[in-house]
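Visitor: I would like to learn how to read a model of this kind, one feature at a time. Could we look at it together?

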Amino acid sequence: MEAGQAMDTKVVLITGGNAGIGKETAVGLAQQGARVLITSRDAERGAGALAEIRDRSGSAAVEVVALDLADLASVRRCAAEVLQRTDRLDVLVDNAGLVMSRRTQTADGFETTFGVNHLGHFLLTNLLLDRLRASAPSRVVVVSSDAHKQARHGLDFDDLQSERSYRPFVVYGKTKLANIYFARELARRLEGTGVTANSLHPGFVASRFARDGDTGSLLQLAMLLARPFAISQVAGARTSIWLASSSDVDGVSGLYFYKCASAHTSKAGADDEAAKRLWAVSEELVGL
Ligand SMILES: NC(=O)c1ccc[n+]([C@@H]2O[C@H](COP(=O)([O-])OP(=O)(O)OC[C@H]3O[C@@H](n4cnc5c(N)ncnc54)[C@H](OP(=O)(O)O)[C@@H]3O)[C@@H](O)[C@H]2O)c1
């Protein structure tokens, strides 16, 4: 895929860039000349990915920052570290994500799938927003999923932490709907600033998603059986790379993409009142 804009002056931050789609996104953008910061929650996995991304991209301008999205103190440390390391931020790719087979809680007492996929990214992005604004034109790219379509009735604002009922892929679908709401509302708030925000579905990708010990054996078996139908991680990163770098989407904001083209969300995904409500609740939850 051809870069639509010169990426060699750009600084990109990719959450969960140590594995899967995020790692391929890092390779692709480093190949285009961007300075790429990936995050990793595990130092060893981060170091391994760093060596691989540098090797495969032929670029030395790749760095790792520690980030555990299941701990808001870690999110704040990561944001501070990024602000200290770079005086510009052109692209933020909110990519990291997981699905937990059982209900667990983050360090701050949030249900983990919601806490990691939505709240951690909500706080991180907000803490980096001034730097993105100062670097405009700049972009926020949120990796959602067509799994958001499972949340047909939208979010249950009376039970955002899934205390009443916890079904892994139902909860996961809701967090991916939250990703779409977040990108839409962020785009609305950033109108006229030169910072765009879009979300995307990467496709069904053969990554380690739902296989890394976060999920129970039944879920892992289901993912294994479905694996022959999955696309490669390289293919899964294409829309993220395109949204981060192509001039095709200069100034385009508030949309949802699949296969490098705009796509429809579910009806619930277009509910701007829910998006506003989620923003307000999230601000309170993360203490912004
Ligand atoms: N794979 C698919 O078919 C598919 C389809 C639609 C959407 N997506 C979305 O694509 C994104 C990337 O998924 P993937 O398929 O590349 O999965 P993956 O291979 O499991 O990679 C997920 C990344 O997120 C990181 N992560 C998980 N929990 C974290 C936490 N608490 N704090 C910080 N980072 C954390 C992982 O770090 P560790 O290496 O430490 O675990 C890893 O780097 C996710 O948002 C997912 O929802 C995937």
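Visitor: Which of the 28 residues around the ligand come nearest?

Guide: A residue counts as near a molecule if its C-beta atom, placed from the backbone, lies within 6 Å of it. Of the 28 residues around the ligand, those that come nearest are Gly16, Gly20, Ala96, Gly97 and Ser207. This is a predicted model, in which local features need pLDDT of at least 70 and side-chain atom pairs count only at pLDDT 80 or more, while totals for chains, interfaces and linings use all residues. Residues are numbered from 1 along each chain as its sequence is written.

Visitor: Which helix gives the most to the shell around the ligand?

Guide: Helices (H or I, at least four residues) and strands (E, at least two) are DSSP runs, numbered from the N terminus. Helix 1 (residues 20–31) gives the most, with three residues.

Visitor: What order do the strands of the sheet have?

Guide: Two strands pair if DSSP finds at least two bridges between them. Here eight strands form an open sheet with mixed pairing, in the order 3-2-1-4-5-6-7-8. Strand 3 (62–66) and strand 8 (261–262) are the edge strands, each pairing on one side only. Strand 1 (residues 11–14) pairs with strand 4 (residues 91–94) in the parallel sense over three bridges, and Ile14 has Val93 as its bridge partner in strand 4.

Visitor: Is helix 8 mostly buried or exposed?

Guide: A residue is buried if 20 or more other C-beta atoms lie within 10 Å of its own, exposed if 12 or fewer, and partly exposed in between, with C-beta atoms placed from the backbone. Helix 8 is mostly covered, as eight of its eight residues are buried, among them Arg238 and Trp242.

Visitor: Why does Ala274 count as buried?

Guide: Ala274, which has its place in helix 9 (residues 272–286), counts as buried because it has 20 C-beta neighbours inside 10 Å. Although Ala274 and Leu155 are 119 residues apart in sequence, their C-alpha atoms are 7.9 Å apart in space.

Visitor: Which element has the lowest mean pLDDT?

Guide: The predictor's confidence in each residue is its pLDDT, from 0 to 100. The chain averages 94, and 95% of the residues score at least 70. Among the elements of the chain, helix 6 (residues 217–226) has the lowest mean pLDDT (74), and strand 4 has the highest (99). Over residues 1–5 the pLDDT is below 50. Where pLDDT is low, the predicted coordinates should not be read in detail.

Notes. Two residues are in contact if their C-beta atoms, placed from the backbone, lie within 7 Å.
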